[in-house]
Amino acid sequence: MDISGADLIRAACFLGAGIAMGLGAIGPGVGEGFVGGKACEAIGRNPDEAGLLTRTMLVAQAVSESTGIYSLVVALLLIFVV
Amino acid sequence: MDAEFIVKAGQYIGAGLCMGFGAIGAAVGEGLTGGWANRSISRRLEMASPFTRTMLVGQAVAETSAIFALMVAVLLLFTDLSGNGICASAAAIGAGLAMGLGAFGSGIGAGYSSLEAIWGASRQPLVGGQMTTTMLVGQAVCQTPAIFALVISFLLIFGNYSGIPAWPYSAALIGAGFAMGFGAIGSGWGGGQAGGAACEGFARQPRLKGALTTLMLVGQAVAQTPAIFALLIALMLIAMGPKEGNLLVSCAMLGAGISIGLGAIGSGMGNGITSESACKAVSRESSVTRPMMTFMLVGQAVGQTPVIFSLMISLMLIFGNYAGPPTLPGAMALLAAGISMGFGAIGPGYGNGITAAKACEALGMQPDKTGLIMRTMLIAQAVAQSTAIYALVIAFVLMFVV
């Protein structure tokens with residue numbers, strides 16, 4: 001099997017994409033779960049404010065999602081663009 | 001270089017990995033137990049000797065997984081595998097990874113169960129004896145993943161590899177070690193936390209012993225699923241791993257092991273903390289015993305999704321068609337698919353578990369708001385799932401598009 005320089009770079013891009021998306025998904029997953037957990041806990045204490053709490057939860061989760069989306073973008077860039 | 005030396009080197013690396021990783025979990029678990037035993041004794045000085053006894057029993061169980069690791073390490077050091085074909089080298093490294101990493105979760109988990117048993121006994125000294133039974137049941141279940149790991153290590157060490165070329169079967173054997181080793185961590189750890197919560201709950205409400213034990217065992221059984229998926233993939237890689245093939249096949253087998261092994265960590269731990277909180281909530285508000293079981297199972301089922309994605313990717317990698325000419329980028333894409341899905345499933349699996357755990361606690365505080373809490377839990381879990389879906393998409397793109 002001949003390995004040219006271009007092959008090596010493609011291979012590194014794919015490996016990089018896998019690592020970026022894999023590791024990048026850990027934080028948002030845990031973080032969003034944590035936010036969701038606290039929202040459930042807060043609703044348990046204060047069920048009348050469920051609407052407000054759910055809205056706050058979703059805003060916080062959306063922010064926490066952003067790093068997952070950065071990882072996705074970088075992974076797609078590595079696969080299709082670079 | 002002679003195959004003999006490569007096999008010997010593999011055995012020694014395997015022994016080192018095995019005992020090094022294998023010593024972490026049990027030691028931390030025993031340390032936690034010892035620490036809480038001290039706290040409990042300072043609370044009830046007159047109970048020092050029964051608490052010390054429970055501590056030693058609990059620590060002895062937590063030690064089991066480290067003893068398994070020691071056994072495998074000694075086997076690897078002194079069994080002569082050098083006449084058994086070149087793949088014996090990879091098998092020895094795989095066995096070390098499987099048992100070393102596989103001992104981690106069960107050791108810590110068993111520690112959680114026994115620390116709660118002693119702490120609980122300091123609250124309710126009269127039920128100390130029955131508490132030890134609950135503790136031992138909880139610990140026995142959380143020991144299962146370590147036993148799976150031991151089985152895979154033995155299969156790897158005592159397999160017959162003569163006449164098989166080094167690649168791609170070596171990759172399948174190391175993949176099996178990764179799968180079982182990492183795959184055992186979450187289930188062992190999570191199962192132990194569930195066992196601990198059952199002891200804690202029992203100390204609060206001794207009359208709920210039956211309900212708590214049932215809830216604990218059902219929760220632990222579900223938390224055990226990721227380790228069972230990992231066992232399945234490890235067995236498939238050992239029994240059906242391809243004996244011939246190109247670089248693509250090697251990378252696919254390694255990727256399959258990484259995907260399910262890492263992917264099982266998050267869901268195993270997440271499911272464990274869900275059943276932990278379910279047990280705690282029931283002991284604080286016994287009227288929710290019945291709805292709690294349903295609630296816990298729904299939360300755990302959603303928390304299982306990331307590891308099911310990982311299982312899917314592993315199976316696709318094992319059964320893929322690799323007839324085309326091998327290229328380095330193609331091979332790395334397959335490996336990267338496994339890495340993406342494996343790591344990518346850790347966070348969502350654990351995060352879903354945190355959400356479900358807190359939802360169980362909330363149900364205990366507001367038993368009449370089941371619908372509202374369930375809805376919030378499912379919305380939050382769906383959002384936390386999104387990153388696992390990104391990882392799945394990237395894995396698919398790497399496998400089928402590029």
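Predicted model: local features only at pLDDT ≥ 70, side-chain atom pairs only at ≥ 80, totals over all residues.
How many residues of chain B are in contact with chain A, and how many of chain A with chain B? Residues are numbered from 1 along each chain as its sequence is written, chains are lettered from A and ligands numbered from 1 in the order in which they are written, and side-chain values use heavy atoms, with hydrogens and water left out.

**View 1. Where chain B meets chain A.** Here 43 residues of chain B are in contact with 44 residues of chain A (contact means heavy atoms within 4.5 Å). About 3,500 Å² is buried between the two chains, and carbon and sulfur atoms give 82% of that area (the accessible area, with a 1.4 Å probe, that two parts lose on being put together, summed over both). Nine residue pairs are in polar contact between chain B and chain A, both residues at pLDDT 80 or more (a pair of N or O atoms within 3.5 Å; within protein, one must be able to donate a hydrogen and the other to accept it, and residues adjacent in sequence count only if both atoms are side-chain atoms). On the chain B side, helix 9 (328-365) and helix 10 (370-401) each supply at least two residues (helices are DSSP runs of H or I, at least four residues, numbered from the N terminus). Helix 9 of chain B gives the most, with 21 residues. By class, the side of chain B that touches chain A has 31 nonpolar, ten polar and two charged residues (Ala, Val, Leu, Ile, Met, Phe, Trp, Tyr, Cys and Pro count as nonpolar, Asp, Glu, Lys and Arg as charged, and the others, Gly among them, as polar).

**View 2. Salt bridges at A:Glu41.** The side chain of A:Glu41 meets that of B:Lys358 in a salt bridge (3.2 Å, N to O), and the count between chain B and chain A is one (a side-chain nitrogen of Lys or Arg within 4 Å of a carboxyl oxygen of Asp or Glu). A:Glu41 also forms a salt bridge with A:Arg45, at 3.6 Å, N to O. A:Arg45 and A:Glu41 both lie in helix 2 (residues 26-45) of chain A, four residues apart, about one turn of the helix.

**View 3. Helices 3 and 5 of chain B.** The axes of helix 3 (residues 87-123) and helix 5 (residues 169-204) of chain B come within 7 Å and cross at roughly 5 degrees (axes are lines fitted to C-alpha atoms, for helices over the stretch in contact, and angles run from 0 to 180 degrees between N-to-C directions). That makes helix 3 of chain B roughly parallel to helix 5 of chain B (angles under 35 degrees count as roughly parallel, over 145 as roughly antiparallel, 65 to 115 as roughly perpendicular and the rest as oblique). Their contact holds 21 nonpolar, 15 polar and four charged residues.

View 4. The bond from B:Trp167 to B:Pro168 is cis, with omega near 5 degrees. B:Pro168 sits in the loop between helix 4 (128-157) and helix 5 of chain B.
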